[in-house]
Protein chains: 2
Amino acid sequence: MEDVEELSVTRLHAGRIVTLDVKEVRLPGGAVTRLEIIHHPGAAAVVPLHEDGSVTLVVQYRHAAGGYLYEIPAGLLEEGETPEACARRELTEEAGLHAGDLVPLTAYHTTPGFSDEVIHLFVAGGLTDGTQALEEDEVIEVTRMPLEDALERIRAGAITDGKTIIALLMTAERLREET
Amino acid sequence: MEDVEELSVTRLHAGRIVTLDVKEVRLPGGAVTRLEIIHHPGAAAVVPLHEDGSVTLVVQYRHAAGGYLYEIPAGLLEEGETPEACARRELTEEAGLHAGDLVPLTAYHTTPGFSDEVIHLFVAGGLTDGTQALEEDEVIEVTRMPLEDALERIRAGAITDGKTIIALLMTAERLREET
(Lines give C-alpha, C1' and ligand atoms only; values in the text may rest on other atoms or scores of the structure.)
Protein backbone atom coordinates (compact mmCIF):
# COMPACT_ATOMS: atom_id res chain seq x y z
CA MET A 1 0.00 0.00 0.00
CA GLU A 2 1.03 3.60 -0.53
CA ASP A 3 2.89 5.90 1.79
CA VAL A 4 1.47 8.82 3.70
CA GLU A 5 2.76 12.37 3.33
CA GLU A 6 3.10 14.52 6.45
CA LEU A 7 2.16 18.09 5.55
CA SER A 8 2.52 19.91 8.89
CA VAL A 9 3.09 19.31 12.60
CA THR A 10 1.94 21.58 15.43
CA ARG A 11 3.15 20.78 18.96
CA LEU A 12 0.36 21.59 21.42
CA HIS A 13 1.91 20.21 24.62
CA ALA A 14 5.27 18.78 25.67
CA GLY A 15 4.61 17.17 29.02
CA ARG A 16 5.93 14.93 31.71
CA ILE A 17 4.66 11.70 30.13
CA VAL A 18 2.83 12.64 26.96
CA THR A 19 3.50 15.08 24.14
CA LEU A 20 0.57 16.09 21.93
CA ASP A 21 1.02 16.99 18.25
CA VAL A 22 -1.60 17.77 15.65
CA LYS A 23 -0.42 16.57 12.25
CA GLU A 24 -1.91 17.27 8.85
CA VAL A 25 -1.30 14.32 6.54
CA ARG A 26 -2.22 13.31 2.98
CA LEU A 27 -3.50 9.73 3.06
CA PRO A 28 -3.13 7.12 0.32
CA GLY A 29 -5.92 8.09 -2.07
CA GLY A 30 -5.29 11.80 -1.59
CA ALA A 31 -7.57 12.82 1.30
CA VAL A 32 -5.99 15.32 3.70
CA THR A 33 -6.81 14.85 7.38
CA ARG A 34 -5.79 16.25 10.77
CA LEU A 35 -4.54 13.69 13.28
CA GLU A 36 -4.04 14.17 17.00
CA ILE A 37 -0.98 12.17 17.98
CA ILE A 38 0.20 11.52 21.53
CA HIS A 39 3.91 10.76 21.71
CA HIS A 40 4.85 8.48 24.57
CA PRO A 41 8.28 7.17 25.65
CA GLY A 42 7.12 3.53 25.71
CA ALA A 43 6.97 1.17 28.64
CA ALA A 44 7.75 -2.31 29.85
CA ALA A 45 5.58 -4.61 31.96
CA VAL A 46 6.26 -8.02 33.46
CA VAL A 47 4.29 -10.99 34.81
CA PRO A 48 6.01 -12.22 38.01
CA LEU A 49 5.34 -15.98 37.73
CA HIS A 50 6.17 -17.95 40.87
CA GLU A 51 7.13 -21.63 40.84
CA ASP A 52 3.81 -22.60 42.46
CA GLY A 53 1.93 -21.12 39.48
CA SER A 54 0.88 -17.94 41.27
CA VAL A 55 1.48 -14.40 40.01
CA THR A 56 2.20 -11.18 41.85
CA LEU A 57 0.00 -8.24 40.88
CA VAL A 58 -0.05 -4.66 42.07
CA VAL A 59 -3.23 -2.78 42.92
CA GLN A 60 -2.57 0.75 41.78
CA TYR A 61 -4.52 4.00 41.97
CA ARG A 62 -5.18 5.32 38.46
CA HIS A 63 -6.80 8.72 38.47
CA ALA A 64 -7.63 8.60 34.74
CA ALA A 65 -9.47 5.31 35.24
CA GLY A 66 -11.25 6.62 38.32
CA GLY A 67 -10.00 4.10 40.85
CA TYR A 68 -7.77 1.20 41.76
CA LEU A 69 -6.75 -1.35 39.10
CA TYR A 70 -5.06 -4.73 39.24
CA GLU A 71 -1.93 -4.51 37.11
CA ILE A 72 1.31 -6.31 36.49
CA PRO A 73 4.41 -4.33 37.52
CA ALA A 74 5.20 -1.82 34.77
CA GLY A 75 6.74 1.53 34.08
CA LEU A 76 8.00 4.00 31.53
CA LEU A 77 11.24 3.36 29.69
CA GLU A 78 13.90 5.72 30.98
CA GLU A 79 16.21 7.41 28.49
CA GLY A 80 18.60 4.85 27.00
CA GLU A 81 17.07 2.00 29.00
CA THR A 82 16.32 -1.32 27.29
CA PRO A 83 12.83 -2.82 27.77
CA GLU A 84 14.44 -5.78 29.61
CA ALA A 85 16.25 -3.50 32.07
CA CYS A 86 13.07 -1.48 32.60
CA ALA A 87 11.03 -4.63 33.29
CA ARG A 88 13.61 -5.85 35.85
CA ARG A 89 13.77 -2.42 37.51
CA GLU A 90 9.99 -2.06 37.80
CA LEU A 91 9.61 -5.62 39.07
CA THR A 92 11.87 -4.73 41.97
CA GLU A 93 10.62 -1.19 42.59
CA GLU A 94 6.90 -2.02 42.49
CA ALA A 95 6.73 -5.66 43.60
CA GLY A 96 9.96 -6.09 45.58
CA LEU A 97 11.08 -9.05 43.45
CA HIS A 98 14.20 -9.91 41.46
CA ALA A 99 13.84 -11.86 38.20
CA GLY A 100 16.04 -14.87 37.48
CA ASP A 101 14.98 -15.36 33.87
CA LEU A 102 12.99 -12.88 31.80
CA VAL A 103 11.20 -14.10 28.65
CA PRO A 104 9.67 -11.66 26.12
CA LEU A 105 5.98 -12.20 25.32
CA THR A 106 5.37 -9.47 22.75
CA ALA A 107 5.54 -5.72 22.21
CA TYR A 108 2.23 -4.09 21.33
CA HIS A 109 0.54 -0.81 20.42
CA THR A 110 -1.82 0.30 23.18
CA THR A 111 -3.78 2.86 21.14
CA PRO A 112 -2.53 3.14 17.56
CA GLY A 113 -5.44 5.41 16.60
CA PHE A 114 -3.94 8.34 18.49
CA SER A 115 -0.68 7.34 20.20
CA ASP A 116 2.71 5.83 19.38
CA GLU A 117 2.95 4.09 22.76
CA VAL A 118 4.46 0.59 22.67
CA ILE A 119 4.53 -1.64 25.75
CA HIS A 120 7.07 -4.47 25.90
CA LEU A 121 5.70 -7.46 27.81
CA PHE A 122 7.71 -10.11 29.64
CA VAL A 123 7.19 -13.04 31.97
CA ALA A 124 9.71 -13.40 34.81
CA GLY A 125 10.64 -16.63 36.57
CA GLY A 126 13.24 -17.65 39.15
CA LEU A 127 11.93 -14.92 41.43
CA THR A 128 13.78 -13.94 44.60
CA ASP A 129 12.97 -11.28 47.18
CA GLY A 130 14.23 -7.74 46.69
CA THR A 131 13.33 -4.40 48.19
CA GLN A 132 10.30 -2.44 47.00
CA ALA A 133 11.09 1.22 46.21
CA LEU A 134 8.02 3.23 45.24
CA GLU A 135 8.10 6.71 43.79
CA GLU A 136 6.39 9.44 45.79
CA ASP A 137 3.38 9.55 43.45
CA GLU A 138 2.85 5.77 43.26
CA VAL A 139 0.01 4.37 45.37
CA ILE A 140 0.45 0.60 45.18
CA GLU A 141 -0.44 -2.53 47.14
CA VAL A 142 1.10 -5.88 46.25
CA THR A 143 -1.02 -9.04 46.03
CA ARG A 144 -0.39 -12.63 44.94
CA MET A 145 -2.87 -15.13 43.52
CA PRO A 146 -2.94 -18.31 41.40
CA LEU A 147 -2.70 -17.49 37.68
CA GLU A 148 -6.03 -19.26 37.17
CA ASP A 149 -7.68 -16.86 39.65
CA ALA A 150 -6.26 -13.91 37.72
CA LEU A 151 -7.61 -15.37 34.45
CA GLU A 152 -11.03 -15.76 36.10
CA ARG A 153 -10.87 -12.08 37.11
CA ILE A 154 -10.23 -11.18 33.46
CA ARG A 155 -13.28 -13.20 32.36
CA ALA A 156 -15.36 -11.59 35.13
CA GLY A 157 -14.31 -8.06 34.14
CA ALA A 158 -12.48 -7.46 37.44
CA ILE A 159 -9.07 -7.11 35.78
CA THR A 160 -9.49 -4.41 33.13
CA ASP A 161 -5.99 -3.12 32.43
CA GLY A 162 -5.00 -3.87 28.84
CA LYS A 163 -1.31 -4.73 29.31
CA THR A 164 -2.20 -6.97 32.25
CA ILE A 165 -4.87 -8.86 30.30
CA ILE A 166 -2.56 -9.44 27.32
CA ALA A 167 0.43 -10.51 29.42
CA LEU A 168 -1.58 -12.89 31.64
CA LEU A 169 -3.39 -14.50 28.67
CA MET A 170 -0.10 -14.95 26.77
CA THR A 171 1.56 -16.39 29.89
CA ALA A 172 -1.28 -18.89 30.27
CA GLU A 173 -0.95 -19.82 26.58
CA ARG A 174 2.79 -20.46 27.00
CA LEU A 175 2.18 -22.67 30.04
CA ARG A 176 -0.47 -24.69 28.15
CA GLU A 177 2.00 -25.26 25.32
CA GLU A 178 4.72 -26.42 27.69
CA THR A 179 2.52 -29.12 29.25
CA MET B 1 -7.90 2.52 50.30
CA GLU B 2 -8.30 6.29 50.57
CA ASP B 3 -9.74 8.67 48.05
CA VAL B 4 -7.87 11.17 45.95
CA GLU B 5 -8.56 14.89 46.03
CA GLU B 6 -8.54 16.83 42.77
CA LEU B 7 -7.03 20.27 43.42
CA SER B 8 -7.10 21.86 39.96
CA VAL B 9 -7.77 21.10 36.29
CA THR B 10 -6.27 22.94 33.31
CA ARG B 11 -7.63 22.11 29.85
CA LEU B 12 -4.76 22.24 27.36
CA HIS B 13 -6.53 20.91 24.26
CA ALA B 14 -10.08 19.99 23.28
CA GLY B 15 -9.73 18.06 20.06
CA ARG B 16 -11.41 15.86 17.51
CA ILE B 17 -10.72 12.60 19.34
CA VAL B 18 -8.74 13.46 22.45
CA THR B 19 -8.96 16.18 25.07
CA LEU B 20 -5.90 16.84 27.24
CA ASP B 21 -6.16 18.06 30.82
CA VAL B 22 -3.44 18.59 33.39
CA LYS B 23 -4.77 17.84 36.86
CA GLU B 24 -3.16 18.54 40.20
CA VAL B 25 -4.26 15.90 42.73
CA ARG B 26 -3.50 15.02 46.35
CA LEU B 27 -2.82 11.29 46.53
CA PRO B 28 -3.61 8.99 49.46
CA GLY B 29 -0.69 9.65 51.78
CA GLY B 30 -0.69 13.37 51.03
CA ALA B 31 1.71 13.76 48.10
CA VAL B 32 0.56 16.31 45.50
CA THR B 33 1.26 15.43 41.88
CA ARG B 34 0.47 16.74 38.39
CA LEU B 35 -1.21 14.24 36.07
CA GLU B 36 -1.65 14.53 32.31
CA ILE B 37 -5.01 13.00 31.46
CA ILE B 38 -6.31 12.30 27.96
CA HIS B 39 -10.09 12.17 27.82
CA HIS B 40 -11.41 9.86 25.11
CA PRO B 41 -15.01 9.07 24.13
CA GLY B 42 -14.47 5.31 24.35
CA ALA B 43 -14.75 2.75 21.59
CA ALA B 44 -16.12 -0.65 20.64
CA ALA B 45 -14.38 -3.43 18.72
CA VAL B 46 -15.63 -6.77 17.46
CA VAL B 47 -14.19 -10.12 16.36
CA PRO B 48 -16.12 -11.28 13.25
CA LEU B 49 -16.08 -15.06 13.81
CA HIS B 50 -17.25 -17.09 10.82
CA GLU B 51 -18.81 -20.55 11.11
CA ASP B 52 -15.72 -22.17 9.58
CA GLY B 53 -13.60 -20.82 12.46
CA SER B 54 -12.04 -18.00 10.47
CA VAL B 55 -12.02 -14.33 11.44
CA THR B 56 -12.21 -11.17 9.36
CA LEU B 57 -9.54 -8.59 10.13
CA VAL B 58 -8.90 -5.17 8.68
CA VAL B 59 -5.46 -3.91 7.71
CA GLN B 60 -5.51 -0.24 8.59
CA TYR B 61 -3.05 2.61 8.17
CA ARG B 62 -2.16 4.06 11.58
CA HIS B 63 0.02 7.14 11.33
CA ALA B 64 0.83 7.15 15.06
CA ALA B 65 2.10 3.58 14.81
CA GLY B 66 4.06 4.33 11.65
CA GLY B 67 2.38 1.90 9.30
CA TYR B 68 -0.31 -0.66 8.59
CA LEU B 69 -1.71 -2.80 11.42
CA TYR B 70 -3.95 -5.86 11.53
CA GLU B 71 -6.99 -4.96 13.62
CA ILE B 72 -10.48 -6.14 14.34
CA PRO B 73 -13.22 -3.74 13.17
CA ALA B 74 -13.54 -0.94 15.72
CA GLY B 75 -14.50 2.66 16.15
CA LEU B 76 -15.30 5.49 18.51
CA LEU B 77 -18.60 5.54 20.36
CA GLU B 78 -20.83 8.21 18.89
CA GLU B 79 -22.80 10.46 21.24
CA GLY B 80 -25.58 8.44 22.90
CA GLU B 81 -24.57 5.24 21.11
CA THR B 82 -24.37 1.97 23.07
CA PRO B 83 -21.20 -0.12 22.72
CA GLU B 84 -23.29 -2.90 21.09
CA ALA B 85 -24.69 -0.54 18.46
CA CYS B 86 -21.23 0.87 17.81
CA ALA B 87 -19.76 -2.62 17.35
CA ARG B 88 -22.52 -3.57 14.89
CA ARG B 89 -22.11 -0.30 12.98
CA GLU B 90 -18.33 -0.59 12.70
CA LEU B 91 -18.57 -4.26 11.69
CA THR B 92 -20.66 -3.22 8.71
CA GLU B 93 -18.84 0.00 7.84
CA GLU B 94 -15.31 -1.43 8.02
CA ALA B 95 -15.75 -5.12 7.18
CA GLY B 96 -19.02 -5.16 5.21
CA LEU B 97 -20.60 -7.71 7.57
CA HIS B 98 -23.83 -7.88 9.58
CA ALA B 99 -23.77 -9.61 12.98
CA GLY B 100 -26.44 -12.15 13.91
CA ASP B 101 -25.45 -12.54 17.55
CA LEU B 102 -23.06 -10.29 19.45
CA VAL B 103 -21.48 -11.54 22.68
CA PRO B 104 -19.55 -9.22 25.05
CA LEU B 105 -15.99 -10.31 25.89
CA THR B 106 -14.91 -7.54 28.27
CA ALA B 107 -14.45 -3.79 28.52
CA TYR B 108 -10.91 -2.68 29.30
CA HIS B 109 -8.70 0.33 29.97
CA THR B 110 -6.21 0.82 27.14
CA THR B 111 -3.84 3.16 29.01
CA PRO B 112 -4.99 3.90 32.55
CA GLY B 113 -1.75 5.71 33.36
CA PHE B 114 -2.74 8.72 31.27
CA SER B 115 -6.13 8.15 29.60
CA ASP B 116 -9.73 7.29 30.52
CA GLU B 117 -10.26 5.37 27.27
CA VAL B 118 -12.34 2.20 27.62
CA ILE B 119 -12.80 -0.22 24.70
CA HIS B 120 -15.79 -2.58 24.76
CA LEU B 121 -14.95 -5.89 23.07
CA PHE B 122 -17.38 -8.31 21.42
CA VAL B 123 -17.38 -11.44 19.31
CA ALA B 124 -19.94 -11.58 16.49
CA GLY B 125 -21.41 -14.72 14.97
CA GLY B 126 -24.16 -15.51 12.47
CA LEU B 127 -22.41 -13.19 9.99
CA THR B 128 -24.08 -12.15 6.75
CA ASP B 129 -22.86 -9.88 3.99
CA GLY B 130 -23.49 -6.14 4.21
CA THR B 131 -22.06 -3.12 2.48
CA GLN B 132 -18.75 -1.61 3.54
CA ALA B 133 -18.90 2.17 4.04
CA LEU B 134 -15.54 3.73 4.88
CA GLU B 135 -15.02 7.27 6.07
CA GLU B 136 -12.88 9.51 3.89
CA ASP B 137 -9.88 9.29 6.22
CA GLU B 138 -10.00 5.50 6.70
CA VAL B 139 -7.46 3.47 4.73
CA ILE B 140 -8.53 -0.13 5.19
CA GLU B 141 -8.18 -3.50 3.48
CA VAL B 142 -10.25 -6.47 4.61
CA THR B 143 -8.71 -9.93 5.06
CA ARG B 144 -9.92 -13.26 6.42
CA MET B 145 -7.87 -16.04 8.03
CA PRO B 146 -8.32 -19.01 10.37
CA LEU B 147 -8.41 -17.88 14.02
CA GLU B 148 -5.40 -20.14 14.67
CA ASP B 149 -3.40 -18.24 12.04
CA ALA B 150 -4.30 -14.96 13.74
CA LEU B 151 -3.18 -16.38 17.11
CA GLU B 152 0.11 -17.45 15.53
CA ARG B 153 0.56 -13.87 14.24
CA ILE B 154 0.10 -12.62 17.82
CA ARG B 155 2.77 -15.04 19.08
CA ALA B 156 5.08 -14.02 16.21
CA GLY B 157 4.65 -10.31 16.92
CA ALA B 158 2.92 -9.65 13.58
CA ILE B 159 -0.38 -8.61 15.20
CA THR B 160 0.51 -5.82 17.64
CA ASP B 161 -2.73 -3.92 18.21
CA GLY B 162 -3.80 -4.22 21.85
CA LYS B 163 -7.60 -4.49 21.43
CA THR B 164 -7.11 -7.05 18.65
CA ILE B 165 -4.78 -9.21 20.75
CA ILE B 166 -7.14 -9.19 23.75
CA ALA B 167 -10.27 -9.90 21.72
CA LEU B 168 -8.71 -12.73 19.70
CA LEU B 169 -7.18 -14.40 22.78
CA MET B 170 -10.48 -14.15 24.68
CA THR B 171 -12.38 -15.52 21.67
CA ALA B 172 -10.00 -18.49 21.49
CA GLU B 173 -10.45 -19.08 25.23
CA ARG B 174 -14.26 -19.11 24.84
CA LEU B 175 -14.04 -21.59 21.97
CA ARG B 176 -11.75 -23.90 24.03
CA GLU B 177 -14.27 -23.84 26.89
CA GLU B 178 -17.14 -24.71 24.57
CA THR B 179 -15.42 -27.82 23.20
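Two residues are in contact if their C-beta atoms, placed from the backbone, lie within 7 Å. The exercises below use this criterion on a predicted model.

**Exercise 1. Fold of chain A**

Task: Determine how many helices and strands chain A contains, and what percentage of its contacts with a separation of 6 or more joins residues 24 or more positions apart.

Solution. 
- Step 1. Chain A holds 3 helices and 12 strands.
- Step 2. Among contacts in chain A with a separation of 6 or more, 59% link residues 24 or more positions apart.
- Step 3. The C-alpha trace of chain A spans about 55 × 40 × 30 Å along its principal axes.
- Step 4. Chain A has 179 residues, of which 41% count as buried.

**Exercise 2. Domains of chain A**

Task: State into which domains chain A is divided, and what distance separates their centres.

Solution. 
- Step 1. Domain 1 of chain A covers 5-39, while domain 2 is made up of 43-106 + 118-178.
- Step 2. Taken over C-alpha atoms, the centres of domain 1 and domain 2 of chain A are 32 Å apart.

**Exercise 3. Relation of the two chains**

Task: Identify the rotation that superposes chain A on chain B, and describe the side of chain A that touches chain B.

Solution. 
- Step 1. Chain A is superposed on chain B by a rotation of 180 degrees, with 0.0 Å of shift along the axis and an RMSD of 0.0 Å.
- Step 2. The two copies are therefore related as by a two-fold rotation axis.
- Step 3. Both copies use the same surface, since 100% of the contact residues of chain A recur in chain B.
- Step 4. The contact involves 51 residues of chain A and 51 residues of chain B.
- Step 5. In chain A, at least two residues of this side come from each of β1 (5-14), β2 (19-26), β3 (32-39), β5 (54-62), β6 (67-71), β9 (101-109) and α3 (162-178).
- Step 6. β3(A) supplies the largest share, 6 residues.
- Step 7. Sorted by class, the side of chain A that touches chain B comprises 27 nonpolar, 14 polar and 10 charged residues.

**Exercise 4. Helix α1 in both chains**

Task: Compare the reach of α1(A) with the expected value, and list which residues of α1(B) are buried.

Solution. 
- Step 1. Helix α1 of chain A, residues 83-95, has 13 residues; its reach from first C-alpha to last is 17 Å, close to the 18 Å expected at 1.5 Å a residue.
- Step 2. α1(B) likewise has 13 residues and reaches 17 Å, again close to the expected 18 Å.
- Step 3. The buried residues of α1(B) are P83(B), C86(B), A87(B), R88(B), E90(B), L91(B), E94(B) and A95(B). In α1(A), the buried residues include R88(A), E90(A) and E94(A).
- Step 4. G96(A), which follows α1(A), has a positive phi near 70 degrees.

**Exercise 5. The nonpolar core**

Task: Name the residues with the most contacts inside the largest nonpolar core, and state which residues A44(B) touches.

Solution. 
- Step 1. The largest nonpolar core has 90 residues, and those with the most contacts inside it are A44(A), A45(A), V46(A), A44(B), A45(B) and V46(B).
- Step 2. Leaving aside residues up to four places away in sequence, A44(B) touches A74(B), G75(B), L77(B), P83(B), C86(B), A87(B), E90(B), I119(B), H120(B) and F122(B).
- Step 3. Of these, P83(B), C86(B), A87(B) and E90(B) are also buried residues of α1(B).

Technical notes
Residues numbered from 1 in each chain as written. Chains lettered and ligands numbered in written order. Predicted model: local features only at pLDDT ≥ 70, side-chain atom pairs only at ≥ 80, totals over all residues. Helix = DSSP H or I, 4+ residues; strand = E, 2+ residues; numbered from the N terminus. Nonpolar A, V, L, I, M, F, W, Y, C, P; charged D, E, K, R; others polar. Buried ≥ 20, exposed ≤ 12 C-beta atoms within 10 Å, placed from the backbone. Expected span 1.5 Å × (residues − 1). Least-squares fit on C-alpha atoms with pLDDT ≥ 70 in both. Domains from an automatic or database assignment. Core = buried A, V, L, I, M, F, W, Y, C linked by C-beta atoms within 7 Å.
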